[in-house]
Amino acid sequence: MWKTILRRVLLMIPQLFVLSLLIFILAKLMPGDALSGMIDPTVDAETIEKIRLQLGYYDPWYIQYGRWLWQMLHGDFGQSIFLNVPVVDLLQSALPRTLSLVAVSIGLGSILSIGLGGLAAHYKDTWVDYVVRIISFLALAVPAFWVGLLLLYALAVKIPIFSVTNTKGLSAYVLPSITLAIWFCGLYIRRVRNAVVQACASLPVIGAKTMGIRTAYIYRDYIIPQVRLVLLSMLGITTGAMLGGSAVIETVFSVKGMGQLMVHGIISRDYIVIQSYIVWISLVYVVVNTSVDIWMYLLHPERRYGGRP
């Protein structure tokens, strides 16, 4: 078991290496370069070329990549062109905010999805089931930024429970977390409902019911493990989508996280910030997917005993 876990952890190294190479190549394919936003228009072309030569912009790509990778591994992500501060300082303040926002949204969304999905499965093919399924469709179909604007209008303008300009404290994360959690529920409610319905129709559950085992024990021993596997299997995929979607939500609610940092980097053509953002988001995505893979392996008895790892 431990060999399998170690093998999957070590597999992250080539994945991250390939990702870093793709990120570097895509950054090089962008129009202009990181120096374009720094140069004074009045500076003559000869001086500009000397600066580019000093910075190694004309070195072969593999030398530039090796130098960039070595600096990044030592915690040097370069200097922000627009803000004129080390990128690592920006990441240290922005990354925890984004991870907190996504973590709270996943937690809230999981609770709502399990509750509503289980309710729909319990009252299968009744009006309760139909209402819950319509809610899940709407939660997935309505754009997240529009939901965020509606929440701001309803709970910060019409009913001033929250402040529109508040960007500090726990209250600043309530509305963004609810907005992301609603989109999360749109994906998970139907999956939870289907998992519960399938588990209830399985032979072990039918056999347990015929033997008179209490419903609470049936849910604990048969149904909840199935729902847990469904949630874990989708978590790796949706985490990446939520990290990307947080850019829009952070912009709507003025949360100074990774998403807003990326938006400002794109607007100001701050390529170094954009490149660093993609590196960190890719790192988080790979770590989360590897963790999910390991948990699926640990929680799935067939993979540990007699099945393929």
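**Figure 1. Contacts of Q275 in the predicted model.** Apart from residues up to four places away in sequence, Q275 touches I23, F24, A27 and W68. The model shown here and in the following views is predicted. Q275 belongs to helix 12. Its relative accessibility is 13%, and Q275 therefore counts as buried, the cut-off for this class being under 20% relative accessible area.

**Figure 2. The second largest pocket and its lining.** The volume of this pocket is about 340 Å³. Its lining comprises 14 residues, of which L16, L69, M72, L73 and V279 are the closest to the pocket centre. At least two lining residues come from each of helix 2 (12-29), helix 4 (61-73) and helix 12 (271-299). Helix 2 makes the greatest contribution to the lining of the second largest pocket, supplying six residues. Sorted by class, the lining contains 12 nonpolar and two polar residues, while charged residues are absent from it.

Figure 3. Helix 5 covers residues 87-122, a run of 36 residues. The expected span is 1.5 Å times one less than the number of residues. Along its course, helix 5 bends by about 30° at A94.

Figure 4. D125 lies in the loop that runs between helix 5 and helix 6 (127-141). The phi angle of D125 is near 60°, which is a positive value in a residue other than glycine. The relative accessible area of D125 is 47%, so this residue is classed as partly exposed; the exposed class begins only over 50%.

Figure 5. S136 is a residue of helix 6. Because its relative accessible area is 0%, S136 is buried. When neighbours within four places in sequence are set aside, the contacts of S136 are C185, G186, I189 and R190. An α-helix has 3.6 residues a turn, so residues three or four places apart point the same way.

Methods:
Residues numbered from 1 in each chain as written. Predicted model: local features only at pLDDT ≥ 70, side-chain atom pairs only at ≥ 80, totals over all residues. Heavy atoms only, no water. 1 Å grid on protein atoms, 1.4 Å probe; cavity = no way out; pocket = protein on both sides within 12 Å on 5 of 7 lines; lining within 4 Å. Points joined across faces, edges and corners; volume = space filled by probe spheres on them. Helix = DSSP H or I, 4+ residues; strand = E, 2+ residues; numbered from the N terminus. Nonpolar A, V, L, I, M, F, W, Y, C, P; charged D, E, K, R; others polar. Buried < 20%, exposed > 50% of the residue type's maximum accessible area, 1.4 Å probe, protein only. Contact = heavy atoms within 4.5 Å. Bend = angle between axes of the 7 residues up to and from the residue.
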